[in-house]
Amino acid sequence: YEMPLVVKTNGLERREFRPDFCCLRVRDRKEFLWEHFGMMDDLDYVESVVRKTELYQESGISTCNGLIVTMETRKPPLNTVVIEKMIKKYLI
């Protein structure tokens, strides 16, 4: 949980992230970063999410390459059925 991760952005700058979760798919030892953005109805928070996901992409980390992203607002909250399906799809 929130393990420090240092990545390079733009090939030069080193940035430290603290993804919400670092997960290991045991069967093939593939690592996934899981970010949960839980206040998507707060404009300042959404702006920080956009900046963070852009930095991930600049460092080669994306939803196509090891990044799992979940989001919620007060309405609707996190759907645990969807989370269980994501765990089965990506991590088992």
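In what order do the 3 strands of the open sheet stand? The order is E3-E4-E5, and the pairing is mixed, where strands are DSSP runs of E with at least two residues, helices are runs of H or I with at least four, both numbered from the N terminus, and two strands pair if DSSP finds at least two bridges between them. The model is a predicted one, in which local features need pLDDT of at least 70 and side-chain atom pairs count only at pLDDT 80 or more, while totals for chains, interfaces and linings use all residues. Residues are numbered from 1 along each chain as its sequence is written, and side-chain values use heavy atoms, with hydrogens and water left out.

Strand E3 (21–25) and strand E5 (67–71) stand at the edges, each with a single partner strand, so one side of each has no neighbour in the sheet. Strand E4 (residues 30–37) pairs with E5 in the parallel sense over 5 bridges, and Trp 34 stands opposite Ile 68 in E5.

Turning to the helix, H1 (residues 43–58) has 16 residues and reaches 23 Å from its first C-alpha to its last, close to the 22 Å expected at 1.5 Å a residue, the expected span being 1.5 Å times one less than the number of residues. Within H1, Tyr 45, Val 49, Leu 55 and Tyr 56 are buried, whereas Leu 43, Asp 44 and Gln 57, on the other side of H1, are exposed; buried means under 20% relative accessible area and exposed over 50%, with partly exposed in between (1.4 Å probe, protein chains only). Just after H1, Gly 60 takes a positive phi of about 90°.
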